[in-house]
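Look at the structure first, then read the points below.

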Amino acid sequence: MLIMGPVSFIFAAYSSTMHPSLENINLFDIGSLKEETVKDILTEARVLPDRISTPICPICGHETSANKDSSRKLGWVWICKNKYRYGCSGKINPLSNTFFENIKIRLLDVFLLIICFVTKMQVSLVLEHLNLFRNRRGQPQMSWATIVDFYSRMREVTEIVASHHDKLLGGPDKTILLDETFLTKRKYNRGRKTQTMTQVVLGIYCREDKEGLFFLVDGKKKRDLWPLIARHCHPETSIICTDSATQYHSVNKLFNDAVHKTTNHKKGEFVSKIDKLNTINPLENENKHFKKAIVSRQSEKHLKQYMALHFYRRTRLSTMKSLDAKVQLFLEDISLVFPGYGKKGLELKKIEIPTVESEGISDKMPKTSNKKLLK
């Protein structure tokens, strides 16, 4: 269920006003940022609350007001207006249910981590440069674990936002490329075989839109792949390109009037000699980027997070050309997941695994006892 409104809103371009200090920002001048400036940037992007939009007291239901409190991260706190008249003890932390709740480091440091995350900077480089920056300010060094923890939280944000993407790939006069791959392989078929080496990923890619999806699947049979293709591809797609693997035989049955083009990779044919557009090379290239994005294969949870992160970067952040626009967009996505006190944020959308029966394609599956055709 969508919490914050229609999907079209979530996947629209950023809508709030960009703070002047964020405009044209780059990695070379972020060291000049101040804590108060960062507060203004985050407030402008709705990641932090403003003092004016006061909530209702959770104890007496009366209005609250922002009161100065130097012990707080923002320098103020919401206190019930009945405190002095009726002795109400109602007090609300303005960081409650925000991305910054319970953080121990400064807002400036978190903001720098956000910029590093958006620019895909590796943790080792972040640790080196951020600690140099902190040393100049006479602050203790930040630990590796702190950076990893914040990177993990930001990956969770991208996973939640990406889970609400429901756009169908392809369409009239468009081409869908299909291919499956393994995440890892043993070099020269030597060494211990692990569970992650048996995990198959199905790739679906639209050539014209340059958008794609990747799914962990149980195997390479038609029953494993076809339901996902049926659910996530537009039925009016004009052309389907695959290799000559048996699991794609007659896959055009899933579409209303699509032409199925194939190339035989086993014979070294990766691009058709008579039709240069008959190839799945763009998807093969996307597979390379996808595999590089999978930093950790510790568990299926990690795999899915990195898959969602790759999708988020390629289909959402990449739509913004400048760093300031990408940071602004990511900040707004953070505000969707962590909207602040008293508001319900966007949650991870649980999607049922499609089956032949759920997608209503039982009649399109091959009616044969030949196991090769069922693969």
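Which residue in S6 does Ile204 stand opposite? The residue opposite Ile204 is Leu213 in S6. This is a predicted model, in which local features need pLDDT of at least 70 and side-chain atom pairs count only at pLDDT 80 or more, while totals for chains, interfaces and linings use all residues. Residues are numbered from 1 along each chain as its sequence is written, and side-chain values use heavy atoms, with hydrogens and water left out. Helices (H or I, at least four residues) and strands (E, at least two) are DSSP runs, numbered from the N terminus.

**The five-stranded sheet**

- Five strands form an open sheet with mixed pairing, in the order S6-S5-S4-S7-S8; two strands pair if DSSP finds at least two bridges between them.
- S6 and strand S8 (259-263) are the edge strands, and each pairs on one side only.
- From one strand to the next, the twist averages 20°; axes are lines fitted to C-alpha atoms, for helices over the stretch in contact, and angles run from 0 to 180 degrees between N-to-C directions.
- Strand S5 (residues 200-206) pairs with S6 in the antiparallel sense over seven bridges, and Gly203 has Phe214 in S6 as its bridge partner.
- A hairpin is formed by S5 and S6, with four residues between them; in the turn, Lys210 has a positive phi of about 55°.
- Strand S6 (residues 211-217) has six of its seven residues buried, so S6 is largely enclosed by the rest of the structure. Buried means under 20% relative accessible area, exposed over 50%, and partly exposed in between (1.4 Å probe, protein chains only).

**Helix H8 and Glu286**

- H8 lies across strand S4 (175-182), S5 and S6, and runs at about 45° to S4.
- Glu286 is found in helix H8 (residues 281-293) and counts as buried because its relative accessibility is 7%.
- Leaving aside neighbours within four places in sequence, Glu286 is in contact (heavy atoms within 4.5 Å) with Tyr205, Phe214, His310 and Arg314.
- The side chains of Glu286 and His310 are joined by a polar contact of 3.3 Å. A polar contact is a pair of N or O atoms within 3.5 Å; within protein, one must be able to donate a hydrogen and the other to accept it, and residues adjacent in sequence count only if both atoms are side-chain atoms.

**The three-stranded sheet**

- Three strands form an open sheet in the order S1-S2-S3, with antiparallel pairing.
- Strand S1 (64-68) and strand S3 (91-92) stand at the edges with a single partner strand each, so one side of each has no neighbour in the sheet.
- S1 pairs with strand S2 (residues 76-80) over five bridges; Asn67 has Val77 as its bridge partner in S2, and Lys68 has Trp76.
- S2 and S3 pair over two bridges, and Ile79 stands opposite Lys91 in S3.
- Trp76, Trp78 and Cys80 point one way from S2, Val77 and Ile79 point the other way, and all are buried.

**Helices H6 and H10**

- The axes of helix H6 (residues 144-162) and helix H10 (residues 323-337) come within 10 Å and cross at roughly 80°.
- H6 and H10 are therefore roughly perpendicular to each other. Angles under 35 degrees count as roughly parallel, over 145 as roughly antiparallel, 65 to 115 as roughly perpendicular and the rest as oblique.
- Met154, Val157, Thr158, Ile160 and Val161 in H6 meet Phe330, Asp333, Ile334 and Val337 in H10.
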